[in-house]
Amino acid sequence: MYTGLYSEVWRISRELSHSKEHQILSQEISLYGYFTPYNKSLAMLSSFRKQDKKDEESATSGNPYKNLEKASVLQEARTFNESTVNPKKCTQILTKIAYMLNQGEQMGQTEATETFFAMTKLFQSKDMMLRRMIYLLIKDMSSVANDVIIVTSSLTKDMTGKEDSHRGPAIRALCKITDPSMMQSVERYMKQAIVDKLPSVSSAALTSSSHMMRQGPDVIKRWVNEVQEAVNNDNIMVQYHALGLLYQIRRSDKHAIRKLILKFSKAGLKSPYAYCFL
């Protein structure tokens, strides 16, 4: 970057240093503690080189996951099988796996299944960050690993538990692994979550139900009463998500859609997002 400037500064400094007048002037200035032209040019060159070195270091550093190898990361994942869970270490390993998957790294079915089963043992830890990473990896690996429904009971326990920060993410993870044959088994929990007092839980249930409409629309249509109740929620996001799901349930009935538009146009909606959707 500074190669041309280096040579120019060096040439000028050499000319100055060879000039008799400048040599005398430099000696006089140096008596007062100032740089001579020659030494000043060396200082400039040194500063440029230091800047170049800093630029090179900043270009190569900053991403600790850049050079990950799948084999070594999967080897680290065996830590999940230890009797005592180290939340910090396990969170870092899960982060590495999530990074690789999101960078397009392909995992074989056997590798994914073994890692998934080992990961389920981390539910014994109560660490919040670790639990959130588990939910994320369940969603990412659900399409590759076999028998992912093994975590259904753990997720159901979390979505109905007392830890509010776990409930919404647990609902999203559960709906990600739910297939048409499991729809009826989670129906009761989902109907309760849709009308939950906590907005984050209600929104999670409504958005997840929208995704599950593709798998079991007939089951979701039975939740229409709970969805209508959620449309009257004071929270703007809950109202928006509920209106979107209600439209999906009734979109095949033009008369019902017309009534829906007229009803909420007159009654009014608190959510600006719901108004835009309407």
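**Chatting through a predicted model**

Modeller: Let's start with Thr91, which sits in helix H5 (residues 87–102); helices here are DSSP runs of H or I with at least four residues, strands are E runs of at least two, and both are numbered from the N terminus. The model is predicted, so local features need pLDDT of at least 70 and side-chain atom pairs pLDDT 80 or more, while totals for chains, interfaces and linings use all residues. Residues are numbered from 1 along each chain as its sequence is written, and side-chain values use heavy atoms, leaving out hydrogens and water.

Colleague: Is Thr91 buried or exposed?

Modeller: Thr91 is buried, because its relative accessibility is 14%. Buried means under 20% relative accessible area, exposed over 50%, and partly exposed in between, using a 1.4 Å probe and protein chains only.

Colleague: And what does Thr91 touch?

Modeller: Leaving aside residues up to four places away in sequence, Thr91 touches Asp127, Met129, Leu130 and Met133. Contact means heavy atoms within 4.5 Å.

Colleague: New topic: how many disulfides are there?

Modeller: The count is zero, where a disulfide is a pair of cysteine sulfur atoms within 2.5 Å.

Colleague: Then is Cys90 buried or exposed?

Modeller: Cys90 counts as buried because its relative accessibility is 1%. Cys276, at 71%, counts as exposed.

Colleague: One more: which residues does Ile138 touch?

Modeller: Not counting residues up to four places away in sequence, Ile138 touches Phe116, Met119, Phe123, Val151, Leu155, Ala173 and Ile177.
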